[in-house]
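Please look through the sequence and the model below before reading on. The report that follows goes through the charged pairs, the sheet and the surface in turn.

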Amino acid sequence: MIWTTSGNIQVFANTPDDDASDLRWRMVGESKLSMPLTRYLSISLYGNGMGLQGRTPVNDDFGFAWNLGCSMDVSGAFELAK
């Protein structure tokens with residue numbers, strides 16, 4: 001079994017022309033548990049999520065979305081030409 005996690009947080013500063021499309025911060029994270037079947041093939045269970053918040057009164061509410069699933073991954077089977 002192979003467990004991988006990744007995450008990223010971005011914080012945005014104020015600008016003179018803030019509008020409803022401007023964000024204060026954005027975060028993304030993923031956790032994945034994989035079981036290798038062959039050298040290049042594995043089955044995985046994963047969960048990922050994204051949270052964000054704006055910086056104007058119109059969009060300053062916290063928002064979060066998440067997704068759970070399973071996948072069949074093929075990795076390393078193909079090599080790009082050099």
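## Salt bridges, sheet and surface

A search of the whole structure finds two salt bridges, a salt bridge being a side-chain nitrogen of Lys or Arg within 4 Å of a carboxyl oxygen of Asp or Glu. The model is predicted, and for that reason local features need pLDDT of at least 70 and side-chain atom pairs count only at pLDDT 80 or more, while totals for chains, interfaces and linings use all residues. Residues are numbered from 1 along each chain as its sequence is written, and side-chain values use heavy atoms, with hydrogens and water left out.

The two pairs are set out here with their distances.

| Salt bridge | Distance, N to O |
|---|---|
| Asp22 and Arg55 | 3.4 Å |
| Lys32 and Asp73 | 3.3 Å |

Asp22 and Arg55 link distant parts of the chain, since Asp22 belongs to the loop between β1 and β2 (23–36) and Arg55 to the loop between β3 and β4, 33 residues apart. Strands such as these are DSSP runs (E, at least two residues), numbered from the N terminus. Asp22 counts as buried at 16% relative accessibility, and Arg55 is buried too, with a relative accessible area of 15%; here buried means under 20% relative accessible area, exposed means over 50%, and partly exposed lies in between (1.4 Å probe, protein chains only).

In the other salt bridge, which joins Lys32 and Asp73, Lys32 lies in strand β2 and Asp73 in strand β4, so the pair ties together parts that are 41 residues apart in sequence. Asp73 is buried, with a relative accessible area of 17%.

How are the strands arranged in the sheet, and in what order? There is an open sheet of four strands in the order β1-β2-β3-β4, with antiparallel pairing, where two strands pair if DSSP finds at least two bridges between them. In general, strands of a sheet pair through backbone hydrogen bonds, either parallel or antiparallel. The edge strands are β1 (2–11) and β4 (62–74), each of which pairs on one side only.

Going through the sheet pair by pair, β1 and β2 run antiparallel and are joined by 10 bridges; Ile9 has Met27 in β2 as its bridge partner, and Asn8 stands opposite Val28 in β2. The strands β2 and β3 pair in the antiparallel sense over 13 bridges, and they form a hairpin with four residues between them. Strand β3 (residues 41–54) is joined to β4 by 13 bridges, and these strands also run antiparallel.

Turning to the surface, Met1, Trp3, Leu33, Met35, Leu37, Ile43, Leu45 and Met72 form a nonpolar patch with about 880 Å² of accessible area together. Such a patch is made of residues with over 30% relative accessible area and no salt bridge, with nonpolar side chains (Val, Leu, Ile, Met, Phe, Trp, Tyr) joined within 5 Å, and the accessible areas come from the Shrake-Rupley method with a 1.4 Å probe. The elements that give two or more residues to the nonpolar patch are β2 and β3.

Trp3, one of the residues in this patch, has its place in strand β1 and is exposed, with a relative accessible area of 62%. Strand β1 is hardly covered, as the count of buried residues among its 10 residues is zero.

Definitions and conventions
Patches are made of residues with over 30% relative accessible area and no salt bridge: like charges are joined within 9 Å, nonpolar side chains (Val, Leu, Ile, Met, Phe, Trp, Tyr) within 5 Å.
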